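Good morning, and thank you for coming.

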Amino acid sequence: MKLRNREEPLDPRAERELEAVDLALGGHPVDPDLADLADLTALLADERPEPGPEWSAELDESVAARFRGDGSSFSLRERLASLRPMQIVGPAGALATAAVIAVVGVSSLSDTSSDESATLTSEPSEVPALSDESGAGETAAPVIPEPGDAEVGSAADTFDTPSGGGAGTDYYLNEGDTRTSKDQIAPGQDKRQVERDVTMSLSTRPENVREVSDEAIAITRSLDGIVASSQVSEAGRDATATLELTLPSRNLDAAIDRLTELANVKSLNEATLDITKPFTTAEDELRDAEAERRSLLQALANADTDVEAEALRLQIADARDRISQARAEFENIARRARLSSISLTVVGDPNADEDRSIGDWFDDAVSVLRDVAGVLLISAAIVIPLGILIAIAWLVIARIRRSRRERALD
Amino acid sequence: MEQVLTAPREQTSTPALAFDQLYRANRDDLFAYVAGLLRDRSAAEDVTAAAFERAYRKRRTFDAKRGSGRAWLFGIARNAALDELRRRKRIAELAADPEDVEAASPHESAEVAVRRAALRDAMRVLDPRERELIALKFFAGLDNGEIAAVIGVSESNAGTKLHRTITKLRRACDEAA
């Protein structure tokens with residue numbers, strides 16, 4: 001396969017002889033020294049195959065009838081081949097681009113709102129109420145599932161609390177299972193325990209209060225949280241919703257971001273309290289109580305008399321009580337670090353939408369443009385390389401086809 | 001676009017008329033070229049008809065910036081002929097009827113008959129690519145630029161190839177004579 005045709009300048013003699021051939025073909029005289037070339041030209045012209053009259057007449061009819069006109073004798077491949085390249089590439093490219101944009105757009109949207117859409121229709125009454133599931137009987141705390149919680153290094157994660165654990169059950173700390181945060185900014189940062197609580201007030205039109213509260217519930221559930229309590233009151237033009245939300249602390253920021261997008265933010269207060277000291281204190285007390293119990297059990301095994309053994313059993317019972325108390329205290333503090341609460345109030349305001357400023361609309365426009373640009377960028381990242389590959393394949397196939405045809409002359 | 005899909009030196013604004021003109025101006029030339037290339041008269045008839053049909057279907061793909069309508073038409077015919085050659089896996093004999101090949105015209109002088117026979121012998125030493133050039137130049141009457149467009153080389157390259165072929169043919173004729 002030749003990629004370039006080698007250029008050879010026509011030498012004057014060849015040029016003169018070719019001109020003589022053209023003159024001879026046109027019936028013009030040539031220079032005497034090229035008379036033999038003129039004779040050869042005439043002989044070759046005489047050798048020209050001529051079509052038969054019958055075939056010529058048939059072909060004339062076919063052409064006049066436009067080869068039956070309906071194109072039924074042509075295959076799909078020939079029909080496609082009869083199109084201009086741009087007639088195929090243009091629509092096909094546009095179709096592929098639209099498809100990619102649609103897929104990218106849908107996938108992007110589904111990534112951000114799949115959880116919301118699954119729960120938007122749920123009624124507040126279906127939300128599980130805060131209940132005592134810990135079994136400890138001391139604190140009415142919900143059990144919050146935390147799937148995939150690998151980034152958070154709360155002490156509660158390293159403390160195994162078998163359900164139904166009562167007297168005689170050993171509780172222990174996995175001291176070697178210490179996780180470190182990737183976002184650590186100072187030594188010991190992963191040991192810090194912080195309690196965070198947020199109070200937020202949103203305003204929206206009264207008829208939208210229920211919808212906003214439903215969406216807030218959906219957001220909470222999508223972020224592995226629960227609704228501790230919810231109350232929606234609607235009376236005429238007045239509507240108010242009050243929600244107490246509990247979420248894993250790691251999802252608090254995401255929850256705030258999403259909740260503030262639901263309506264106009266009237267107020268937002270976040271309280272942060274460092275509870276590292278009480279946390280470590282409770283942790284130490286629990287560890288000490290466990291150590292004491294292990295020591296007493298060891299002494300009991302070595303007791304020589306019944307009196308001594310009985311005294312040790314009483315001490316072990318006391319130690320077990322202390323362990324239970326220390327564990328409850330530790331769990332309580334760990335829960336405060338692990339979970340955050342949001343007190344959300346949604347207030348109906350007939351003029352809520354009028355509060356939107358030009359800046360709000362501008363922010364929304366920028367957000368939409370940013371999303372569109374992102375989708376287009378991702379689509380371009382897919383379509384452009386794909387188009388280049390298709391173009392290369394097209395060129396290669398065309399070259400191969402041409403080469404195969406040329407080989408017919410070899 | 002369709003205005004340029006015409007026979008040389010003809011212009012029209014009606015696509016159907018343009019194709020008709022292209023057909024009328026090139027029917028016999030195209031047949032002569034294909035027959036010279038395939039060396040099979042009946043195959044040449046089929047291929048020529050198919051080439052015109054294909055050209056009619058693809059007439060909207062013609063781009064005047066890439067060459068004349070005549071060169072475009074011969075390019076289509078060349079592809080069809082090469083496809084036929086590939087299919088048959090052989091080069092057919094020259095289209096001329098046997099009696100024409102051997103017999104001289106009663107009005108032809110003995111000298112001309114001898115030279116014609118020498119020419120036919122000389123044609124047999126040409127390879128298919130050279131025979132194609134002879135067919136394009138002497139049977140179809142294409143100029144060097146059109147030949148270059150049909151076989152996909154530059155015009156000077158086409159001229160060089162053509163001159164080389166003619167020179168080879170002249171020598172072969174001299175030897176045969």
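How do strand 1 and strand 5 of chain A run where bridges join them? Strand 1 (residues 194-204) and strand 5 (residues 339-348) of chain A run parallel, and 8 bridges join them. To give one residue pair, A:Asp197 has A:Ser341 in strand 5 of chain A as its bridge partner.

Helix 3 of chain A, with 12 residues, reaches 16 Å from its first C-alpha to its last, close to the 16 Å expected at 1.5 Å a residue. Just after helix 3 of chain A comes A:Arg66, which takes a positive phi of about 55°.

I turn now to the confidence in chain A. The mean pLDDT of chain A is 76, with 72% of its residues at 70 or more. Which elements of chain A have the lowest and the highest mean pLDDT? The lowest value, 62, belongs to helix 4 of chain A, and the highest, 93, to strand 5 of chain A. Over residues 1-5 of chain A the pLDDT stays under 50, and the model has 5 contacts beyond four places in sequence for them. The pLDDT also stays under 50 over residues 113-186 of chain A, for which there are 94 such contacts in the model. Where pLDDT is low, the predicted coordinates should not be read in detail.

Chain B comes next. Chain B has an average pLDDT of 80, and 79% of the residues score at least 70. Confidence in chain B is lowest in helix 4 (residues 98-102) of chain B, with a mean of 43, and highest in helix 6 of chain B, at 93. The pLDDT is below 50 over residues 6-13 of chain B, a stretch with 21 contacts in the model beyond near neighbours in sequence. Residues 91-103 of chain B also have a pLDDT below 50, and this stretch has 19 contacts beyond near neighbours in sequence.

The axes of helix 6 (residues 128-139) and helix 8 (residues 155-176) of chain B come within 10 Å and cross at roughly 100°. Helix 6 and helix 8 of chain B are therefore roughly perpendicular to each other. On the side of helix 6 of chain B, the contact is made by B:Glu130, B:Leu133, B:Ile134 and B:Lys137, and on the side of helix 8 of chain B by B:Lys161, B:Leu162, B:Thr165 and B:Lys168. These residues divide into 3 nonpolar, 1 polar and 4 charged.

Helix 7 (residues 144-151) of chain B also packs with helix 8 of chain B, at an angle of about 100° and with the axes 8 Å apart. That angle makes helix 7 of chain B roughly perpendicular to helix 8 of chain B. Among the residues that make this contact are B:Ile147 and B:Ile151 of helix 7 of chain B, and B:Ala158 and B:Leu162 of helix 8 of chain B. By class, the contact has 5 nonpolar, 4 polar and 1 charged residues.

Finally, the contact between the chains. How many residues does each chain give to it? Chain A gives 39 residues and chain B gives 47. On the chain A side, helix 1 (12-25), helix 2 (35-46), helix 3 (53-64), helix 4 (76-81) and helix 10 (358-407) each supply at least two residues. By class, this side of chain A has 21 nonpolar, 6 polar and 12 charged residues.

Helix 8 of chain B returns here: helix 1 of chain A packs with it at an angle of about 75°, with their axes 10 Å apart. That makes helix 1 of chain A roughly perpendicular to helix 8 of chain B. In this contact, A:Ala14, A:Glu17, A:Leu18 and A:Val21 of helix 1 of chain A meet B:Gly159, B:Thr160, B:Leu162, B:His163 and B:Ile166 of helix 8 of chain B. For the complex, the predictor gives an ipTM of 0.79 and a pTM of 0.51.

Notes:
Residues numbered from 1 in each chain as written. Chains lettered and ligands numbered in written order. Predicted model: local features only at pLDDT ≥ 70, side-chain atom pairs only at ≥ 80, totals over all residues. Axes fitted to C-alpha atoms, helices over the stretch in contact; angles between N-to-C directions. Helix = DSSP H or I, 4+ residues; strand = E, 2+ residues; numbered from the N terminus. Parallel < 35°, antiparallel > 145°, perpendicular 65-115°, else oblique. Contact = placed C-beta atoms within 7 Å. Nonpolar A, V, L, I, M, F, W, Y, C, P; charged D, E, K, R; others polar. pLDDT = per-residue confidence, 0-100. Pairing = 2+ DSSP bridges. Expected span 1.5 Å × (residues − 1).
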